[in-house]
Amino acid sequence: MTRVSTSDHASRDFILIGAGGHAKVVRELAELCGANILGVCDPKFQGTHNEIWNGLKALGGDEYLSRVNPQTVLLLNGIGMMPGSLIRQGVFERFRAMGFHFPSLVHPFAWVSHDAHIGDGVQLMAGCVVQPGAWIGINTIINTRSSVDHDSCLGEHCHLAPGATLCGDANVGAGTFIGAGATITHGVTVAPKTFIKAGSLTAKDVL
């Protein structure tokens, strides 16, 4: 597991994948952590030349990365995760199989316990809280002002949307989307690939 946070002083070269709204947030998060972003890849940039996206050089489509040595750069997954979508997961798995690495990113205004497990590619946004004993699976998004309390498990490829709360000792399966402002109470189990609606209260197991 590699974390990139403001405590990392060595600047590393990164390439951002995706050019949508989530990519804008990830780009700023990575730069706050000291990342040097060489450019952005997105299918809409395939075949383009000298194009600029949000101040970054458009490198081309995803095929650009087939010409890059995975040992020379780290990748940023700028693809968001919506209910039922596997695009973000697919990007992560495809490029990791090619030998690329996605480090986790910790915003300087996030609070993350040193006793929490943070998997590769996890993105911890501004104002989020991850308490002791929490376990966050690979490629999961802990979005703005969301929280994961003590000893809870949030599986791989999940999205805890802005303002959502996962109370202590909860267990959320892989690929689950927890909507903005939703609350999952203490000790609740949620099956993989579940969609929890924004603003909802989940006080019983969802199996």
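How many residues of domain 1 are in contact with how many residues of domain 2? The legends below begin with that boundary.

**View 1. Domain 1 and domain 2 in contact.** This is a predicted model, in which local features need pLDDT of at least 70, side-chain atom pairs count only at pLDDT 80 or more, and totals for chains, interfaces and linings use all residues. Residues are numbered from 1 along each chain as its sequence is written, and side-chain values use heavy atoms, without hydrogens and water. An assignment (automatic or from a database) gives domain 1 as 13–102 and domain 2 as 104–200. Contact (heavy atoms within 4.5 Å) involves 19 residues of domain 1 and 21 residues of domain 2.

**View 2. The area buried between domain 1 and domain 2.** Buried area (accessible area, 1.4 Å probe, that two parts lose on being put together, summed over both) is about 1700 Å² here, and carbon and sulfur atoms give 69% of this. On the side of domain 1, L29, M81 and R88 lose the most area to domain 2, together 35% of what that side buries.

**View 3. An open sheet of five strands.** Strands (DSSP runs of E, at least two residues, numbered from the N terminus) pair if DSSP finds at least two bridges between them. The order is β9-β12-β15-β18-β21, with parallel pairing. At the edges, β9 (117–118) and β21 (189–190) each pair on one side only.

**View 4. Strands β18 and β21.** Two bridges join β18 (residues 171–172) to β21, and the two run parallel. N171 has T189 of β21 as its bridge partner.

Conventions. Helices (H or I, at least four residues) and strands (E, at least two) are DSSP runs, numbered from the N terminus.
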